[in-house]
Amino acid sequence: MTLNNTRDDWWKQAVVYQIYPRSFKDVNGDGIGDIAGVTEKMDYLTSLGIDAIWLSPFYPSELADGGYDVIDYRNVDPRLGTMDDFDKMVAAAHKAGVKVIVDIVPNHTSDKHHFFQEALKAGRGSAARDRYIFREGRGKNGELPPNDWQSLFGGPAWERVDDGQWYFHIFAKEQPDVNWKNPDIHEEFKKTFRFWSDHGTDGFRIDVAHGLAKDFDSKSLEELGREYTVQDQTNHDGLNPMWDRPEVHDIYKEWRQVFNEYNPPRFAVAEAWVRPDHQHLYASPDELGQVFNFEFAKANWDVDEMRTAVIEGLESAANSGGSTSTWVMSNHDIPRNASRYGLPQVKARTQHQIATDWILRNGTTYLENRELGTRRARAAAMLEFGLPGSVYIYQGEELGLFEVPDIPWDRLEDPTPFRTLRNFTEKGRDGCRVPLPWTAGDEPKPASWDKDFGEGASFGFSPSTRPDGSASADPHLPQPLWFKDFAADKEAADADSMLNFYSKLLKNRAQLLTATGDHDSIDMLDMGHDVIAYSRPAEDSEGRRFVNITNFGAQPVALPANATQLIASTDLDANGKLPQDASVWLLAAK
């Protein structure tokens with residue numbers, strides 16, 4: 001067990017590894033990752049040096065949105081295993097000293113959830129229908145939706161049912177939004193939190209945490225439709241009818257009472273894409289406790305954007321009254337950071353616009369400089385991991401994986417490309433969700449349908465055969481042949497690999513920074529506009545301080561005198577200076 005995990009407030013400075021279960025490890029050969037696969041790879045996870053794992057949804061689902069359309073919140077999808085498999089996984093994690101966080105999706109259910117099926121049968125004005133957001137349509141016979149809102153996945157945000165009413169869905173039509181003014185919804189999710197806590201879960205990641213509370217009654221829906229869009233998630237002084245409303249915090253105060261029933265209290269982190277000065281509201285000790293700071297995940301490799309991400313992340317935590325900063329570069333919803341940093345760093349109207357356009361055109365529109373992207377990803381990891389608070393790593397990030405932009409359109413799973421204008425809008429998020437490569441020797445042959453992808457093997461993602469002796473299925477998303485160079489076993493044997501680099505960083509972080517128990521002290525150092533530098537207290541017998549220096553500029557940077565170098569993301573230049581797109585960790589005299 002890590003020293004950090006001996007503390008009840010372990011989450012304040014934890015290293016959390018996000019697992020997208022369907023793409024992590026498959027043990028039964030059906031081409032889909034499973035809960036038993038997480039158990040099988042527990043040694044890999046602990047050797048990396050993490051404190052906790054966070055599992056994206058593994059519940060029964062029709063997979064209209066990668067598992068975020070939940071049919072049953074208190075069970076395991078049979079394709080991924082059983083409750084017994086989950087309990088064994090938790091036991092293995094806890095034996096290894098690893099905490100377990102599960103994803104909860106409270107903004108919407110699957111349209112196959114028994115609540116929604118009851119609502120369809122019960123009809124207008126029923127108690128069952130009040131659990132969701134049903135409204136009458138416009139037009140002579142209600143044939144038009146209540147307004148013209150478009151969902152985040154494309155297409156209308158309203159879907160008509162057989163009796164003529166319409167229900168609201170921010171995401172896919174298979175994901176109807178629930179009505180958080182209904183007491184049944186409150187009780188359903190309190191039961192869910194207790195269920196997973198009783199099965200050993202240590203914490204929860206709250207999906208779409210800024211979207212639960214809605215006000216569709218203060219004005220007509222037609223008027224609201226003219227004033228706001230679903231896509232605009234920025235709070236308008238608390239007046240936005242569906243995002244970041246003040247009433248959402250009453251929900252989280254209620255949940256906190258449930259979390260506090262356990263010893264130690266259960267932890268929660270909010271996925272809330274809100275402006276930085278609102279993040280602390282979700283992270284209050286009276287509510288969820290922590291909120292994702294996505295400023296790193298949104299930023300280009302730009303010194304001003306990265307500096308702002310650091311400063312605003314620290315300020316948000318300081319205003320929370322007891323939480324800590326969180327640092328996120330990648331997750332299952334955004335293009336992989338090694339690719340983002342290797343593409344042209346151009347400011348755009350929306351985040352990741354260059355990467356989104358590049359993926360849309362199958363990776364053909366811009367040059368992906370992988371050497372530069374890797375160099376910057378290594379430096380970014382050092383900049384991030386040295387900061388106080390918690391670090392969230394997305395599976396494959398530690399292998400330096402790049403985005404897979406050229407998955408054939410007929411092999412995609414994400415709903416976005418099929419609900420928009422396809423090649424004129426977005427290709428979706430599948431490129432960062434391709435199953436992981438574990439063993440280079442289990443190399444597929446070129447696929448019959450595309451020479452750049454493999455079939456017939458899976459780089460160790462699946463076993464060679466199923467339990468009945470038949471050949472395993474190909475992975476649910478195709479793996480490119482270049483994954484061979486990023487297989488975990490190959491990187492483990494390479495001292496200079498990204499995997500060993502991450503492991504070294506996390507080991508030093510635990511020994512020098514986490515061990516101090518200090519999760520908020522930091523001094524920003526002025527070393528010029530193109531440099532981000534900071535120092536923190538260190539666990540050091542000589543009383544030295546930890547220093548991180550990251551150079552974004554073309555001019556090499558001289559390191560402080562009387563400082564001991566711990567790790568550098570790349571070699572220093574001939575004069576012992578830090579080159580561009582590089583970072584270094586030091587121990588320096590006070």
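Colleague: How many bridges join S2 to strand S3?
Modeller: Four, and S2 and S3 (residues 99-104) run parallel. Strands here are DSSP runs of E with at least two residues, helices are runs of H or I with at least four, both numbered from the N terminus, and two strands pair if DSSP finds at least two bridges between them. Keep in mind it's a predicted model: local features need pLDDT of at least 70, side-chain atom pairs count only at pLDDT 80 or more, and totals for chains, interfaces and linings use all residues. Residues are numbered from 1 along each chain as its sequence is written, and side-chain values use heavy atoms, with hydrogens and water left out.
Colleague: OK, and which residue in S3 does Ile 53 stand opposite?
Modeller: Val 100. On another strand, S1 (residues 15-19), Val 16 has Ala 52 of S2 as its bridge partner, and S1 and S2 pair in the parallel sense over four bridges.
Colleague: Are the S2 residues Ala 52, Ile 53, Trp 54 and Leu 55 buried or exposed?
Modeller: All are buried, meaning under 20% relative accessible area with a 1.4 Å probe, protein chains only (exposed is over 50%, partly exposed in between). Ala 52 and Trp 54 point one way, Ile 53 and Leu 55 the other.
Colleague: New topic: which residues does the cis peptide bond join?
Modeller: Asn 263 and Pro 264, with omega about 0°. Pro 264 sits in the loop between helix H7 (248-259) and strand S8 (267-270).
Colleague: And what's the phi of Val 208?
Modeller: About 50°, so positive, although Val 208 is not a glycine. Most residues other than glycine have a negative phi.
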